[in-house]
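Dear colleague,

I am handing over the structure below, together with some notes on what was found in it. Please read the notes with the structure open beside them.

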Amino acid sequence: MIQKCRVCGKEYDVDAIIYNCECGGLLEIKYDFESIKEKVSKESLRERELGVWRYLDYLPVKDPAKIVSLHEGGTPLYKCENLAKKLGMKELYVKNEGANPTGSFKDRGMTVGVTRANELGVEVVGCASTGNTSASLAAYSARAGKKCIVLLPGGKVALGKLAQAMFYGAKVIQINGNFDEALVMVKNLALENKLYLLNSVNPFRLEGQKTIGFEICDQLDFEVPDMVILPVGNAGNISAIWKGFKEFKETEMIDRLPKMTGIQAEGAQPIVKAIKEGLDEIVPDENPETIATAIRIGNPVNAAKALDAIKSSGGLAESVNDEEIIEAQKLLAQTEGIFVEPASASSIAGLIKLINMGLIDKDQKIVCITTGNGLKDPDAAIKASKMPTEIECDMEVLRKAIEE
Ligand SMILES: *Cc1c(COP(=O)(O)O)cnc(C)c1O
Ligand SMILES: [Zn+2]
């Protein structure tokens with residue numbers, strides 16, 4: 001197990017606290033797949049319950065006694081027959097990451113990231129966040145007995161997420177700036193050794209998140225979907241899930257790979273633009289804006305990894321506007337009973353748009369990932385809803401009201 005630079009190939013010890021290679025490249029955790037292959041089989045995996053730690057053999061942990069867990073992962077993969085029928089599709093699934101302990105997939109990354117902090121003996125952890133990263137880190141650091149510092153873009157964090165970060169006891173600092181600016185600031189603190197950084201530039205976080213890919217295979221009885229569609233913000237998750245699929249193929253758990261399709265909001269779509277314009281690098285969006293605050297990011301740190309995931313898997317990249325996002329959020333709730341936050345609904349909005357554009361074959365087996373719980377952003381949900389009918393306590397009036 002080693003940390004390796006994706007650009008120049010330089011290797012670093014797993015215990016080195018470093019977020020980028022000296023050359024500036026992103027780091028990645030590499031394993032000895034031959035020894036993993038000898039140790040695990042589809043059957044042996046299933047001796048542990050479904051969740052992040054079922055895949056311990058694929059994770060960068062030296063001392064399992066140091067694991068910090070709130071029982072993350074093991075989220076449902078719903079077969080969505082109502083929605084599929086509506087869209088004229090054959091086989092559609094939703095992997096609902098809102099079912100994690102703090103309500104988003106970030107918990108998968110944090111159980112591994114905070115375990116790493118534990119193994120390193122670090123006392124203070126921190127992150128910049130559009131909301132969910134801070135909620136998750138605050139919870140896991142509370143469980144680990146560590147101090148937690150979070151930087152948030154002022155006024156742009158959904159209410160549920162802010163409540164979580166404060167309530168789990170983190171030191172919450174709002175800046176007069178956006179997420180990208182908050183990330184630069186907290187990274188400076190990390191380089192000054194004031195805290196251990198747990199944004200997705202930290203490759204250990206992505207190791208936890210790659211288990212979404214493992215679980216999808218596991219839940220489909222190792223029948224790989226044709227395409228996986230998910231929202232893209234800082235671009236860690238799409239990179240992580242792609243890494244998971246590749247590692248399952250490398251260790252012969254699966255025999256092919258899905259296409260990875262990334263969806264961004266119209267007002268924050270540097271990756272979509274780079275893919276469509278055939279660029280090798282993104283051009284950052286200076287003023288990202290969208291109702292989907294979890295993906296309101298203009299300069300995704302994992303862009304290089306995400307561009308590789310989309311291009312080398314043969315996937316697509318598309319943007320959706322706020323209206324399409326809210327429509328999809330409602331549709332998913334009202335056809336399948338799955339309530340997700342706006343950013344998460346962009347995967348569904350993207351699916352619908354790509355179908356309408358004729359870019360998705362309706363006979364394919366498709367998995368949309370919904371990244372966070374709808375309760376995270378009650379303001380957005382209430383704004384998009386019809387208000388309750390108010391009546392007096394009178395049976396006659398009530399009988400009339402239900403007929404309306
Ligand atoms: C963090 C987050 C995203 C974006 O994930 P990235 O790894 O930053 O691309 C999308 N949706 C929700 C709900 C999130 O919390
Ligand atoms: Zn390098």
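Predicted model: local features only at pLDDT ≥ 70, side-chain atom pairs only at ≥ 80, totals over all residues.

R46 is partly exposed, with a relative accessible area of 36%, where buried means under 20% relative accessible area, exposed over 50% and partly exposed in between, with a 1.4 Å probe and protein chains only. R46 forms a salt bridge with D218, and the closest N and O atoms of the two are 2.9 Å apart; a salt bridge here is a side-chain nitrogen of Lys or Arg within 4 Å of a carboxyl oxygen of Asp or Glu. The pair links distant parts of the chain, since D218 lies in helix α9 and R46 in the loop between α2 (42-45) and β4, 172 residues apart. Helices (H or I, at least four residues) and strands (E, at least two) are DSSP runs, numbered from the N terminus.

Residues are numbered from 1 along each chain as its sequence is written, chains are lettered from A and ligands numbered from 1 in the order in which they are written, and side-chain values use heavy atoms, with hydrogens and water left out.

After α9 comes D221, whose phi is positive, near 55 degrees.

The aromatic rings continue this picture. The structure holds eight aromatic pairs, a pair being rings of Phe, Tyr and Trp (its six-membered ring) whose centres lie within 6.5 Å, with planes under 30 degrees apart counted as stacked, over 60 as edge-to-face and the rest as tilted. The rings of F214 and F248 have their centres 4.3 Å apart and their planes at 15 degrees, so this pair is stacked. Because F214 lies in helix α9 (residues 211-219) and F248 in helix α10 (residues 236-250), the pair ties together parts that are 34 residues apart in sequence. Both F214 and F248 are buried. F248 also pairs with F222, with ring centres 6.2 Å apart and planes at 35 degrees, so that pair is tilted; F222 sits in the loop between α9 and β10 (227-231), 26 residues from F248. F222 counts as buried at 11% relative accessibility, and F248 does so at 0%. Ring pairs link Y55, Y58, F214, F222 and F248 into a cluster.

Helix α10 also contains N237, which is buried, with a relative accessible area of 6%. Leaving aside residues up to four places away in sequence, N237 touches F105, Q209, I212, L230 and T371, where contact means heavy atoms within 4.5 Å.

Returning to charged pairs, a search of the whole structure finds 33 salt bridges. In one of them the side chains of K365 and E91 meet at 3.4 Å, N to O. K365 lies in strand β13 and E91 in strand β5, so the pair ties together parts that are 274 residues apart in sequence. K365 and E91 are both buried.

Finally, the chain is divided into domain 1 (1-30) and domain 2 (77-103 + 205-383), with bounds that come from an automatic or database domain assignment. The C-alpha centres of the two domains lie 27 Å apart, and their contact takes five residues from domain 1 and eight residues from domain 2. The area buried between them is about 520 Å², of which carbon and sulfur atoms give 58%; buried area is the accessible area (1.4 Å probe) that two parts lose on being put together, summed over both. R6, L26 and I29 supply 78% of the area that domain 1 buries against domain 2, more than any other three residues. The count between the two domains is one salt bridge. R6 and D308 meet through their side chains in a salt bridge (3.9 Å, N to O).
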